[in-house]
Amino acid sequence: LQARTLTFEGGSGLHSSSTATTALLASNGFSGAVPGQAGRIDVRAESVRLSGASTVDVFAQEGPSAQGLAAGEPSPPGANEGNIAVAARDFLLLEEGSTIEASVGTGLGGSIAIGTAESPTTGVVMKGGSAILAQARGNEPTYTPPPPPPGETDGGPPPTTSTGTRGGDIAIHAKTVLTCP
C-alpha cells in the first residue's frame with residue numbers, strides 16, 4: 001500500500017491471516033500439503049498514524065518450524081512469511097492502544113521492519129498503550145536436558161531450551177523512538 005499519508009482510526013486497519021494447519025488440511029484429504037503463510041503487508045508513506053485501537057496485523061495459525069533457533073537468534077532469511085514493513089519517511093504514530101503485530105499460533109512468526117537502514121523513519125511515537133509486537137501464541141518452551149556423556153549418569157551441563165514456536169524479529173530504523181504512557 002503506497003500513499004502520501006495513511007491514517008487508521010477507530011479500530012480500523014490492515015489485516016492478513018492464514019488459519020490453515022497441517023492437521024486441518026489432512027482431515028480434508030490433503031495429506032502432505034503445507035499450510036499457506038499469512039500474506040505480507042508493505043506500507044510506504046510520508047506519514048502513518050494509527051489511533052483508537054487500530055491495527056496493522058498478520059496472523060498465521062501454523063508457520064514454518066522454529067526448532068533449533070535460539071532465543072534472540074535472527075530468523076533465517078526467507079524462513080518466515082507474514083511479515084510487515086512500514087516505510088514512513090516522516091513519522092509513524094501509534095496512539096490509544098493501536099498496534100502493529102505479526103503473530104503465529106505455532107511455528108515461526110512473521111517479522112516487522114519499521115524504516116530501513118538506508119532510509120530510516122524520522123520519528124516513531126507509541127503512546128497510550130500502543131505497541132509493536134512480533135509474538136508466538138503457541139505452546140510454552142519445553143526443557144529437554146541433553147543426554148549425559150558416555151559413562152556419566154548425573155550432573156552435566158544445564159538443560160537446553162527447545163521450542164517449535166517463536167515470534168519473528170522486530171527491526172526499527174528511526175532517528176527518534178519515543179514511548180509515552
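Which residue in β8 is the bridge partner of Leu-94? I looked it up, and the partner is Met-126.

**Ground rules.** I'm working from a predicted model, where local features need pLDDT of at least 70, side-chain atom pairs count only at pLDDT 80 or more, and totals for chains, interfaces and linings use all residues. Numbering starts from 1 along each chain as its sequence is written, and side-chain values use heavy atoms, with hydrogens and water left out.

**Overall.** I found 1 helix and 13 strands in the protein chain (DSSP runs numbered from the N terminus: H or I of at least four residues for helices, E of at least two for strands). From the N terminus on, I read the order as β-β-α-β-β-β-β-β-β-β-β-β-β-β. The chain has 181 residues, and 36% of them count as buried (buried is under 20% relative accessible area, exposed is over 50%, partly exposed is in between; 1.4 Å probe, protein chains only).

**Strand pairing.** I count two strands as paired if DSSP finds at least two bridges between them. β1 (residues 5-8) runs parallel to β3 (residues 41-50) over 4 bridges, and Thr-5 has Ser-47 as its bridge partner in β3. β3 in turn pairs in the parallel sense with β5 (residues 84-94), over 9 bridges; there I found Ala-45 bridged to Ala-88. From β5 I followed two further parallel pairings: 3 bridges to β7 (residues 112-114) and 4 bridges to β8 (residues 121-127). For β7, the pair I noted is Ala-85 with Ala-113.

**Faces of β1.** Which residues of β1 are on the covered face? They are Leu-6 and Phe-8, while Thr-5 and Thr-7 make up the uncovered face. In a regular strand, side chains alternate between the two faces of the sheet.

**Cavity.** Rolling a probe the size of a water molecule over the atoms shows where empty space is left. My search of the whole structure turned up 1 cavity of 30 Å³ or more. By cavity I mean a set of points, on a 1 Å grid over the protein atoms alone, where a 1.4 Å probe fits but cannot get out; lining residues have an atom within 4 Å of a point. The largest cavity holds about 40 Å³, a volume being the space filled by probe spheres set on grid points joined across faces, edges and corners. Among its lining residues I saw Val-58, Phe-59, Ala-60, Glu-81 and Leu-108. β4 (residues 55-62) gives the most to the lining, with 3 residues.

**Loops.** Val-34 sits in the loop between α1 (22-27) and β3, and counts as exposed because its relative accessible area is 71%. Ala-53, in the loop between β3 and β4, has a positive phi near 65°. Ala-53 is partly exposed, at 42%. Glu-96 lies between β5 and β6 (99-106) and has a positive phi of about 60° although it is not a glycine. Glu-96 is also partly exposed, at 49%.

Terms used: 1 Å grid on protein atoms, 1.4 Å probe; cavity = no way out; pocket = protein on both sides within 12 Å on 5 of 7 lines; lining within 4 Å.
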